[in-house]
Amino acid sequence: MDIDMNMNMNMMNMKPAWLERLMDETFFGDCGVHKNRRKNEKNIFCLHCCLSICPHCLSSHTSHPLLQVRRYVYHNVIRLDDLEKLIDCSNIQPYTINSAKVIFLNQRPQSRSCKVTANVCFTCDRILQDPFHFCSLSCKVEYMVYEGENLSNILHRFDESDFAISQFEGLRVDGSEVIDEDNNQIGPSSSNYSIINEDQATSNNRFLPLPLPAIVLSLGSRRKGAPQRAPLS
């Protein structure tokens, strides 16, 4: 009886294949099948085959449900509207990028130490805004597995038509307006990088330096003159 109960518990805590692979998969590397072609970054996840593919692979996955993965500050994000069709994203802190809310796929390292009174991620202790408990999808899933909670309670039965190729859109994330949930703006004024859609850049040039303000350039190129001694009175 105990063995059966343990088996049932393990089954409830098992991650579906697509979810486990989505969190472990490497994105935005060059596609090995189309390595000699431009714009061959693997930024699409096939929910049927449980692997990442590049835009040139789409012809082999036309009837499969596909999920688009995007890149923000060197980390993978997915639009909240897309991810919520697959899994309950409540308590995960979202970020707003050009009016589109996104969720980080995996936890990110943090450089600052956590304050005792701060609201932090239950899994990795990253500082969060209230009332959120997780900084990424993987943090929520791993926490539930660790606590022995039933993952099936947060998984949704989805309509494959919602993830058809025809639903893809060229969402541009160019750093012009990045606002997190506490209304702190993150954009060109606080970052030297912008993120643009793959249609606008090659695989080796995803992150382009933004032009520095003219006042910075003028100050940086100004030479110091010889000190002028005040005339004797």
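Colleague: Before we start, what should I keep in mind about the model?

Modeller: It is predicted, so local features need pLDDT of at least 70 and side-chain atom pairs count only at pLDDT 80 or more, while totals for chains, interfaces and linings use all residues. Residues are numbered from 1 along each chain as its sequence is written, and side-chain values use heavy atoms, with hydrogens and water left out.

Colleague: Thanks! Why is the pair K15 and E142 called a salt bridge?

Modeller: A salt bridge needs a side-chain nitrogen of Lys or Arg within 4 Å of a carboxyl oxygen of Asp or Glu. The closest N and O atoms of K15 and E142 are 2.6 Å apart, so the pair qualifies. The structure holds three salt bridges.

Colleague: What makes E25 a buried residue, and what does its side chain do?

Modeller: The relative accessible area of E25 is 13%, so E25 is buried. E25 lies in the loop between α2 and β1 (44-46). It forms a salt bridge with R21 at 2.9 Å between the closest N and O atoms, and R21 is partly exposed at 38%. The side chain of E25 also makes a polar contact with that of S52 at 2.6 Å. A polar contact is a pair of N or O atoms within 3.5 Å; within protein, one must be able to donate a hydrogen and the other to accept it, and residues adjacent in sequence count only if both atoms are side-chain atoms.

Colleague: Why would you speak of a nonpolar core here, and which residues touch the most other members?

Modeller: A nonpolar core is a set of buried Ala, Val, Leu, Ile, Met, Phe, Trp, Tyr and Cys residues joined through side-chain atoms within 4.5 Å. The largest has 32 residues, and W18, L22, F45, L83, I87 and L137 touch the most other members. The elements giving two or more residues to this core are α2, α3 and α4. A second, separate core of eight residues includes C31, C46, C54 and L58.

Colleague: How do you know that β5 and β7 are paired?

Modeller: Two strands pair if DSSP finds at least two bridges between them. Strand β5 (residues 75-79) and β7 share three bridges in the antiparallel sense, so they pair. I78 stands opposite I103 in β7.

Colleague: What about β6 and β7?

Modeller: Three bridges join them, and they run antiparallel. Y95 stands opposite V102 in β7. Their hairpin has two residues between the strands, and N98 takes a positive phi near 50° there.

Definitions and conventions
Buried means under 20% relative accessible area, exposed over 50%, partly exposed in between (1.4 Å probe, protein chains only). Helices (H or I, at least four residues) and strands (E, at least two) are DSSP runs, numbered from the N terminus.
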